Amino acid sequence: MWRRPLSAAYRYSGPKGIWGLHAVRRCSAPALPAGRITALQAVDLWKKHFVKRGVTEPDHSSHYILAHLLGAKTIESLEQEKLTEFLSREKTEQMWKLCTRRLSRMPVQYVIEEWDFRDLTLKMRPPVFIPRPETEELVELVLSDLEMKPGAGMGADAQHKCFEVGCGSGAISLSLLKSLPKLKAVAVDRSQDAVDLTRDNAQSLGLQDRLQVHHIDILKDAETVLGLCSPVSALVSNPPYLFSEDMKSMEPEILRFEDHAALDGGKDGLKVIKQILSLAPQILSNHGRVYLEVDPRHPPFIRRWVEANVEEMHYVETRHDITGRPRFCIFQKEKSNKDRKLNLD
């Protein structure tokens, strides 16, 4: 059984949205019980303490931590007998240790050091950006396109290649590689922590031979980016796209633990997005596509900017996420690569 997405603390729906800033009080963990305690009693105790201290999603937080300690994905997948058994002293101490981390507002994904993304279980560690549920939809969009084109499937003679900007934990590239056995990918990130984590996850999943990962800042070293690979079929990114002013309204989980540079897209949220689209004609093969996850306010602005500044890229469509928000922009290259001056204004 796969873990359900944590919906409240880690998703963004616009300024002053569900990541709204809450007061954080100094708090301490409840005392370690002197006697024995069952798994369900431990979960109930910590749920109440999380509620008392204002920790988001107290139910899921305590459930996932306990399930992890007992070697399961979810508490629902554990046998009732397991839940009513007394925890060993070691397990009790581990439960208190991990729940105390959550009490500090550390995201559950960092607390248990792993999380599920589609059909993958990925290692997680701060400050690398935690993949959100919407990004699974972005992967589905890319897959549906590549699977329809010659070269993507198992029986194809040709071979697709994907380029990812801002790989974070490697969720997007690794998910694409797992689904398309002939695909190869190149990924870049400005954070060495992210590059290291992506490499670790690729190694764990046995996908390291089909993924190149590079520590490069696309804003500072465009020429190096362009020299990394031959033209690719897909350029995909979940870039930093929050408006800088919206960073002030983030939950403590984000403000304290996640890499702000992976979220903050500048004054209009478009700083990295503009760079990606400007470089796209030189990265993509003919008819190759760019797939971007963006802020719901962005699509009309991005479309107008590309029409005015990036001659070879053409708007295809904007797709909505599962909540009905315009979340994914798709552009296609329709001319051969040619040298031209980049307009990043």
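Which residues does M95 touch, not counting residues up to four places away in sequence? M95 touches A42, V43, W46, S62, I65, L66 and L69, where contact means heavy atoms within 4.5 Å.

A word on the model before we go on. This is a predicted model, in which local features need pLDDT of at least 70, side-chain atom pairs count only at pLDDT 80 or more, and totals for chains, interfaces and linings use all residues. Residues are numbered from 1 along each chain as its sequence is written, and side-chain values use heavy atoms, with hydrogens and water left out.

**The cores**

M95 is also listed, with L66, L174, L176, L211 and V236, among the residues with the most contacts inside the largest nonpolar core, which has 62 residues. Such a core is a set of buried Ala, Val, Leu, Ile, Met, Phe, Trp, Tyr and Cys residues joined through side-chain atoms within 4.5 Å; buried means under 20% relative accessible area, with a 1.4 Å probe and protein chains only. Helix α6 (residues 133-148) gives the largest share of this core, six residues. Apart from it lies another core of 39 residues, including V186, V188, A222 and V232.

**Two helix pairs**

Helices here are DSSP runs (H or I, at least four residues), numbered from the N terminus. Their axes are lines fitted to C-alpha atoms over the stretch in contact, and angles run from 0 to 180 degrees between N-to-C directions.

| Helix pair | Axes come within | Crossing angle |
|---|---|---|
| α2 (residues 58-69) and α4 (residues 89-103) | 10 Å | roughly 140° |
| α11 (residues 271-283) and α12 (residues 299-309) | 11 Å | roughly 40° |

Angles under 35 degrees count as roughly parallel, over 145 as roughly antiparallel, 65 to 115 as roughly perpendicular and the rest as oblique. α2 and α4 are therefore oblique to each other. In their contact, S61, S62, I65, L66, H68 and L69 of α2 meet K91, Q94, M95, L98, C99 and R102 of α4. By class, these residues divide into six nonpolar, four polar and two charged.

α11 and α12 are likewise oblique to each other. Here I273, K274, L277 and S278 of α11 make the contact with I302, W305 and V306 of α12.

**A buried threonine**

Let us finish with T38, found in the segment before α1 (39-52). T38 is buried, with a relative accessible area of 11%. Leaving aside neighbours within four places in sequence, T38 is in contact with L83, T84, E85, F86 and L87.

Definitions and conventions: Buried < 20%, exposed > 50% of the residue type's maximum accessible area, 1.4 Å probe, protein only. Nonpolar A, V, L, I, M, F, W, Y, C, P; charged D, E, K, R; others polar.
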